[in-house]
Number of protein chains: 2
Amino acid sequence: MKLDLLNKHQDAINTAVKAIHERTFFAHYPENPSPEIYGENADKEGREKYKAHLNSKFDELLQKDPEQWVGQEESPYEQQALNVKYPFFSPETLVNRAEEAYHQWRKVKPADRAALLVESLERVKTRFFEVAYATMHTTGQAYMMSFQASGPHAADRALEAIAAGFEEQTRFPEATEWEKPMGKYNLKLNKTWKAVPKGVALVIGCSTFPTWNSVPGMYASLVTGNPVIVKPHPKAVLPIAIFVAEVQKVLEENGLNPNICQLAVDADDRLITKDLAEHPKVKLIDYTGGTEFGNYVEGLKGKTVFTEKTGVNSIILDSVEDLDKVAQNLAFSVSLYSGQMCTAPQNFFIPERGIKVGGEQVPFDDVVKKLTDAVTGLVNNPKAAPHILGAIQNPATAERVKSASSVKGKEVLSTCDFDHPMFANARTCTPVVYEVDASEKESYSRELFGPIMLIIKTKDTDQSIELAKEMAMEYGAISCGAYTTNSEVKEKIMDEMSLAGTPVSFNLTGGIYVNQNASFSDFHVTGGNPAGNASFTNPEFVIKRFTWVGFREPALG
Amino acid sequence: MKLDLLNKHQDAINTAVKAIHERTFFAHYPENPSPEIYGENADKEGREKYKAHLNSKFDELLQKDPEQWVGQEESPYEQQALNVKYPFFSPETLVNRAEEAYHQWRKVKPADRAALLVESLERVKTRFFEVAYATMHTTGQAYMMSFQASGPHAADRALEAIAAGFEEQTRFPEATEWEKPMGKYNLKLNKTWKAVPKGVALVIGCSTFPTWNSVPGMYASLVTGNPVIVKPHPKAVLPIAIFVAEVQKVLEENGLNPNICQLAVDADDRLITKDLAEHPKVKLIDYTGGTEFGNYVEGLKGKTVFTEKTGVNSIILDSVEDLDKVAQNLAFSVSLYSGQMCTAPQNFFIPERGIKVGGEQVPFDDVVKKLTDAVTGLVNNPKAAPHILGAIQNPATAERVKSASSVKGKEVLSTCDFDHPMFANARTCTPVVYEVDASEKESYSRELFGPIMLIIKTKDTDQSIELAKEMAMEYGAISCGAYTTNSEVKEKIMDEMSLAGTPVSFNLTGGIYVNQNASFSDFHVTGGNPAGNASFTNPEFVIKRFTWVGFREPALG
C-alpha cells in the first residue's frame, strides 16, 4: 500500500477485537452529533452537501462507462423525488468486474484489507451529516436517528465486522513446522494455510436502514477478501453510495481496483437483484428485507447466504414496579421511527387478570389504558413526537396502519396523520392500537410493519410466554421485551425464548429501549429463528465467507 | 457431576485447544499399538473381547426396551456374518428420547460437557484393540490402520472437536456489565449470554471409517449441548457402538440421561436413516458417505448439515528429484486400504512429453512404467502387501475394480485377487491402472471408489493443473498431491487449488502419504468444494451447532 494505513489503524482494529470479546460498552464513532466532536459547521456543511446531490448525477464512483443514469428516490418528508442519478451497469458487467477485482483483492493480506477498510470508515466519518440528511430524505427517519443509525452506529457495526473478520483470518498460523516423532527419526513437514475468500459477494439493502443493515455484510465480505456488489433498495441509495464511494477512493489511492466494491442500482425499468443473486459467480449474499424475497434468497443453490428478514416481536407483561414508567418506555418503543424497525415490538401479551404493579393487581383494561394513554401523550407532544416518529418510508406502510382490517380485534387507539412542524408534506401516522384475544392467532402471527401495536389478552403469563415463543419459532423474532419482578418467571422466559433464538430485554424503563442494539455487545439477530440466519457479528457471520486450505511439504534437512 | 471430571480433564482440554492453534504435531492418544504403551496383554484381550461379541447381543447400551435385535455385519476377511445383534428402536422412539434428554444436557455447562466427553474417550482408550478388531472385520482395513484410524486417530479427532467446541462456547463472556456514558449519567445494563444448542443431532456413518469419520460430528454436537443419535452404516456398527456405550456409561454414572447419546441401527427389513433425517425435531446432521445421499441430506430444509461426500483426488506430476522414490510413495498411496479412502488419489496427471527428473526429461511412457512397476513391486511383496491393502469392504467395490469398463483408456496394469496369508476367504484385489487421454473427461470425472488408478495424459502441466482444479470444483476433492521442483509451478498449483478448496501435499516421498491427515493440524475436507461442506475441525464445524442469545436488564443502583 502506498499509505501506511496498517500502522495508522492497527490500534483501532486491536481495540475493536478486544471490545468484541469484552462486550462492555464500546464505540469508536461518537453517536453525539455535537459541534465539539464533529466541528462547528459539520451539520450545516453536511446539509449543503446533501442538497448539492439533488437533481444531479452522483459522480463520485470510480466505476467506468455507465450504461445510463438512473434513480428513483423520493423524500418521505417532502413526498417529492430527490432526482439523484446513479450510474447503471448490467449485472453481467458488475459480476465480470467483480470477478476481475477478486483476483487482486484476495491476494491482499487480511491485516492490510482491514486497515484499508477502516480508512474508508474514517473518510465516511467526515461525511456523517451528509449521510444523515441523505438517510432522513430516503427513509423518513428523524434527524437524530438518521445521524446515529446511518453514521456512527453503522460505522461501528462495520468496524465490528472488520475486526471479527481480521481476527478469524488470523486465528490460525500462516505457517508452521510439523514434526512427528517416528521412533528412529522425526518426520518433518512445513505447513502453510490460506484463508481463501469464496468469491463475488452481493449485498442487498432495504429501504429503512440503508447503511446500518448493509455495511456489516459489505465490510465482512470485503475484509475476508471477497469483492462486493452493493445493491441498495432503489428508494434508499444515497446513504450507502457515499460509503461505497469512499471505499473506492481508498482502494484507488492504494493502487487497487476500485471495482473491489461496486454500487449496483436498479434502472427504472429493470430490477437487477435477481439477476445478480442467481449469477453462478455470486457466491455470497447478504440480504435485509421482507420474508418472501428472503426465503427466495435462502433457497438459492450454491450460495452462502446471510439474511435478516422480518419477525414478530413480543412484549411479555407479567409484573412491574412502576407501570407509568413501563408504559412510557413501551410507547416510545412502538413510536420510534413509527415502528419501522426490525426490533420494534408488535405483540404485547397481557394476562386477562391484569398484572401485578408494585405488589397490587391492576386489571387488564387499566393496563391497556395506561399503554394507550402513554402513546397518546407521546404523539400529542409536538416538541417530542416529530423527532421520535419521523415519517413513513413507504406509502404501503401508511396504508397498512390506516386500514389494518385483517386484525380481528377492537381498535382501542386510532391512528391519525400528525402535522410535522418542519415538513408540511411529510407522510406521517401515529400508532394504532388493537386489543386482540389470544385465540385470534391469525391476527398476530405475522409482521405488521409500521406503528401497529397489538395487545393480546392471554389466560396467564405462561400462555404469554408460550405464544411469544411460538411466534418467534414459527415466524421469527429479533427482539423480545419482558417485564417481571418474579425471578422464576424471568428464568422461564429466558429459557423458553433462548430456545426460540430470541434475545430478551428485561424491565426496561427510562432511556433504554427494546429496539436498541449496541455494536460490540448485542448480537443483532441471533440466526436461531426464521427472522434470519445472520447475526451481527458473531464468528459465523465472517467465517462462512472464506475457506481454510492447507499446504504441506517435507522440510529439507 | 458425581466425579470431579473437570479437574481431571481440564489440562487435556486446554492442551488440545492450544494444539488447535499451534497446528504443530500433537497427539493425545498414542498411535503405536505397542505393549509398552497399551499393556502387555492389550492386543490379546482386545481380540478376545471382539470375539466374545460374535454371535451375541451387544448388551452394553443403556437404551431401554428395544423393539427387536438386529445386525447385518460381515467380515470382508472371512466373508461371513459377524452375527452381532444390536437393539432396534423406531425413529420416533429415538427422537423422543433425544428430545427429552436435550433439556437436561443443554443445561450442563460446556466445560462439564467437555470433561464428561473426554472421560468417555479415556474409557474407549482401554478398548482400542477391541475397536481395532471390530474395525478390521467390518471394514476390511488391515490391522494397523484399524487400530490407528478407529482408535487413537479417531479419539484425537474427537478430542479436537471437544476442544474446539469448548473454546467456541467460552469465547464470549457469560455475563458483563455494560455501562454507557450518557453525559449527565451512565446507563448501566447487566448482560448475559447463552450458547444455545440447536437440538437433536443425527450422525450418519459410512462403512469404511466407522469411527474416524463419525466421532468428530458426534462429539462436536455433544460438546455443544445437543443430544446425538448415532446411525452407523449397517455393515459397520460394532466399532462406533463401543464409543456410544462408553459415552452412555459415563453419562449415567454422572446422573445424566444416557439417551443424550443413542445408537440407532437399521433393522434388516427397515432402513431408518431417512426417517431420522427428515424428522422435524432433528436439527443437525453429520453425514459421511456417497454423493447422491449426501446431496439429499444437504437439500433437507431447516437442518444444519455437515457432509463429507466423495471426491476426485488428483496427483499432478511436473518435475521430481528422484522418480523411484516418488513412484514408491504413490504406489503406496493408491494401494493403502485398497484405495478405499476418501483421501486416496485417483487421477494422475502427467504431461505427454513426460516430466523432468533431476533435470533430465523422462518420457511419458517411462514415467507410467515406473508407477506401474512400483505398484507391482508392492503388491507382489507378500510381507507388505496384505498389511497395506487389507480387504475390500463392499463386493460392489471389487466388482468395480475388476470391470472398470466405463473407463475409455488402456489398461496398463491388471487387477487380480491376491492370497491373504491369514484369511483364505478374504475379499481382495490389487490396483488396476489405466492410461487415459485428457480428452476422455467422462472417464475420470467421477470417483471410482477402490484401487483404481487413472493416468491421464495431458498437453502440459498447465493443463494438468487446470483439469485437477476443474475436477475439484465440479466433482469435489479432499486431497491433492503435486510434484514439482519449480517454485513458480508450485505457487501456481497452490493458488489454483486453493480456489478449488483443495489442500495440496507437495513432493511427498518416504513415510508420509497424501492420504494421511493429522488431527490438530490438517483440516480434513475444507468445505470449499462439492466433496463436502464440513471440515475437521475448523471453527465453523462447531459454531453452527449452537446459537448465541443475549439477555439484558438495567443494573440496579
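Visitor: Why is Cys429(B) called buried?
Guide: Cys429(B) has a relative accessible area of 0%, and since buried means under 20%, exposed over 50% and partly exposed in between (1.4 Å probe, protein chains only), Cys429(B) counts as buried. This is a predicted model, in which local features need pLDDT of at least 70 and side-chain atom pairs pLDDT 80 or more, while totals for chains, interfaces and linings use all residues. Residues are numbered from 1 along each chain as its sequence is written, chains are lettered from A and ligands numbered from 1 in the order written, and side-chain values use heavy atoms, without hydrogens or water.

Visitor: What keeps Cys429(B) from being counted in a disulfide?
Guide: A disulfide is a pair of cysteine sulfur atoms within 2.5 Å, whereas the nearest cysteine sulfur to Cys429(B), that of Cys416(B), is 8.8 Å away. A search of the whole structure finds zero disulfides over all chains.

Visitor: Why are the two copies described as related by a two-fold rotation axis?
Guide: After least-squares superposition on the C-alpha atoms of residues with pLDDT of at least 70 in both copies, chain B is laid on chain A with an RMSD of 0.0 Å by a turn of 180° and a shift of 0.0 Å along the axis. The copies are therefore related as by a two-fold rotation axis, and in chain B the C-alpha nearest to this axis, that of Glu540(B), is 3.4 Å from it.

Visitor: Why does Thr526(B) count as buried?
Guide: Its relative accessibility is 8%, and Thr526(B) touches, with heavy atoms within 4.5 Å, residues including Thr547(A), Trp548(A) and Pro503(B).

Technical notes:
Lists of a residue's contacts leave out its neighbours within four places in sequence.
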